[in-house]
Amino acid sequence: MAYQSPISPGHSWYEDSIGERPVYAALDGDKTADVVIVGGGYTGLSAAAHLARMGTDVVLIDAHRFGDGASGRNGGQLGTGQRAWAEELEADYGLARARALFDLAEEAKTHLLEFVGSNGIDIDYIPGQLSVAHKRRYVDDYKAHAEIMAERFNYSHVAFMDAAETAERLGSNRYFGGTRDTGTGHIHPLKLVIGTARVAAQAGAQLFENTPSTGIISAGGKVRVTTPKGTVKADKCLIAVNAYGGDLEPVSAAHIMPIGSFIGATVPLGSESTVLPGGEAVDDSRFVVRYFRKSKDGRLLFGGREIYGVNDPRDIHIHIRRQIGELYPALKDIEITHGWGGYVGITLPRKPFVREVMPNVISAGGYSGHGVMLSNFVGKLYAETVSGNRDRLKLIEDLKIPAFPGGRRLRAPLLFLALNWYALRDRI
Ligand SMILES: Cc1cc2nc3c(=O)[nH]c(=O)nc-3n(C[C@H](O)[C@H](O)[C@H](O)COP(=O)(O)OP(=O)(O)OC[C@H]3O[C@@H](n4cnc5c(N)ncnc54)[C@H](O)[C@@H]3O)c2cc1C
């Protein structure tokens with residue numbers, strides 16, 4: 001029987017495409033360490049791998065299995081820069097700081113590809129990213145974006161596409177133009193989780209699955225993480241639970257909101273298919289963004305549905321097939337073999353959240369749908385911080401993310417209303 005994540009809806013194609021997943025034992029007994037990490041997605045596993053390689057004694061626990069949250073189930077698109085376009089960062093923070101944030105994200109991309117390359121982790125990397133306008137009035141923004149990237153951010157891999165080129169590269173004429181980025185690509189997310197865990201374990205990190213933290217206390221210069229069958233005492237703690245933390249730690253919960261996002265996988269389209277002949281990943285200009293790509297074996301992996309505050313994945317197949325049919329009428333009856341989802345951790349300004357929430361306890365998450373490369377890099381930056389250099393993590397800490405309004409009880413309904421308004425705007 002194929003494994004099903006107990007915390008994320010639906011059975012993913014990624015799960016079926018990897019064979020047996022390595023199993024890590026649950027914690028049974030007490031431990032002491034230099035660093036304890038709570039959460040075994042990219043953020044936590046990457047931090048564990050880098051810390052262990054530095055010779056730090058590290059214990060990582062996850063409530064379920066590594067990758068059961070967002071990291072093993074996402075759209076696999078690396079993207080470029082931060083979630084916000086570089087020119088938006090410039091408008092918010094000025095050119096120098098926007099460049100620093102953009103360069104940091106570029107380093108995140110390089111780091112990820114070097115990390116997998118040097119550790120023999122095969123992540124099915126396929127190059128190319130198309131970003132496309134679903135309304136004609138957005139096309140000029142994409143044109144300006146390509147120019148700004150080259151002129152002000154020294155990034156020359158983005159080129160503008162007119163409507164004809166867009167149609168040819170997509171195999172669909174439903175978009176009006178966009179950009180093509182040859183400096184990034186897409187990956188198999190669960191393979192990255194499994195490979196990073198292996199590197200961490202081989203470097204000496206102690207990794208435990210099925211071990212929920214039931215509490216985190218910082219007192220007298222030590223941190224104590226409790227679990228059902230043991231306690232971990234450490235000098236420092238990284239909270240890396242992102243959208244899945246529930247009430248574990250209130251400051252993180254007030255700043256990071258879970259939003260359901262859903263993906264459908266079709267049967268392989270076959271070599272004759274005209275869909276995405278160049279193999280690029282795609283994201284569009286909708287606020288409720290549609291993101292899709294072909295897997296290495298030629299399936300269309302199509303993400304396009306977000307649910308704000310509602311958890312009902314039963315109709316993933318129906319919604320995803322309808323959205324595929326809008327773009328590719330020939331595929332309107334295509335068989336969807338898998339439909340699954342997960343929770344994206346978003347922040348109010350859709351920028352990452354990193355904060356010392358208690359003495360010696362740092363929480364990181366809220367990558368707002370742009371976490372594949374960023375979360376892995378934040379793990380590395382946390383390891384740098386433990387070794388005494390906090391400068392680069394500070395760049396993200398200094399974003400000063402505000403809490404969601406409405407308190408814990410009202411924030412979800414308020415956001416539900418706001419986001420549905422934007423979703424409506426996508427259609428007019
Ligand atoms: C459907 C979907 C599509 C996405 N597509 C993209 C994309 O194409 N590109 C992109 O850049 N980003 C994408 N994202 C976002 C990206 O996946 C995340 O930003 C990234 O995986 C976050 O990693 P993380 O380690 O911070 O969190 P997670 O991977 O969510 O890990 C958190 C972990 O914490 C554990 N945990 C929770 N509570 C406890 C506890 N009390 N004790 C112990 N452990 C606990 C959970 O079990 C979980 O394993 C997508 C996300 C989703 C859901």
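Me: Start with the aromatics. Which residues do ring pairs link into a cluster?

Reply: Trp 13, Tyr 14 and Trp 340. Keep in mind that this is a predicted model.

Me: How many aromatic pairs are there by the count?

Reply: The count comes to nine. One of them is Tyr 14 with Trp 340, an edge-to-face pair. The rings are 5.3 Å apart centre to centre, with 70° between the planes.

Me: Where do those two sit in the chain?

Reply: In distant parts of it. Tyr 14 belongs to helix 1, residues 13-16, and Trp 340 to strand 14. They are 326 residues apart.

Me: Are Tyr 14 and Trp 340 buried or exposed?

Reply: Both are buried.

Me: And Trp 85 with Tyr 142, what's the geometry there?

Reply: Edge-to-face again, with centres 5.2 Å apart and 85° between the planes. Trp 85 is in the loop between strand 2 (58-61) and helix 3 (86-93), while Tyr 142 is in helix 5 (residues 139-153). The pair therefore ties together parts that are 57 residues apart in sequence.

Me: OK, ligand now. How many residues surround it?

Reply: 38 residues do. The closest are Thr 43, Asp 62, Ser 71, Gln 77 and Val 372.

Me: How does that shell divide into nonpolar, polar and charged?

Reply: 16 nonpolar, 20 polar and two charged.

Me: Which helices and strands each supply at least two residues of the shell?

Reply: Helix 2 (42-53), strand 14 (336-346) and helix 10 (371-386).

Me: What lies 3.1 Å from an oxygen atom of the ligand?

Reply: A polar side-chain atom of Asn 74. A polar backbone atom of Gly 371 is 3.0 Å from a ligand oxygen. A backbone N or O atom of Tyr 244 lies 3.3 Å from a ligand nitrogen.

Me: How much of the ligand's accessible area does the protein cover?

Reply: 96% of the 1,000 Å² that the ligand has on its own.

How values were computed: Residues numbered from 1 in each chain as written. Predicted model: local features only at pLDDT ≥ 70, side-chain atom pairs only at ≥ 80, totals over all residues. Heavy atoms only, no water. Near = heavy atom within 4 Å. Polar contact = N/O pair within 3.5 Å; in protein donor to acceptor, adjacent residues only side chain to side chain. Areas by Shrake-Rupley, 256 points an atom, 1.4 Å probe, with all protein chains shown as cover. Helix = DSSP H or I, 4+ residues; strand = E, 2+ residues; numbered from the N terminus. Nonpolar A, V, L, I, M, F, W, Y, C, P; charged D, E, K, R; others polar. Phe/Tyr/Trp six-rings, centres within 6.5 Å; stacked < 30°, edge-to-face > 60°. Buried < 20%, exposed > 50% of the residue type's maximum accessible area, 1.4 Å probe, protein only.
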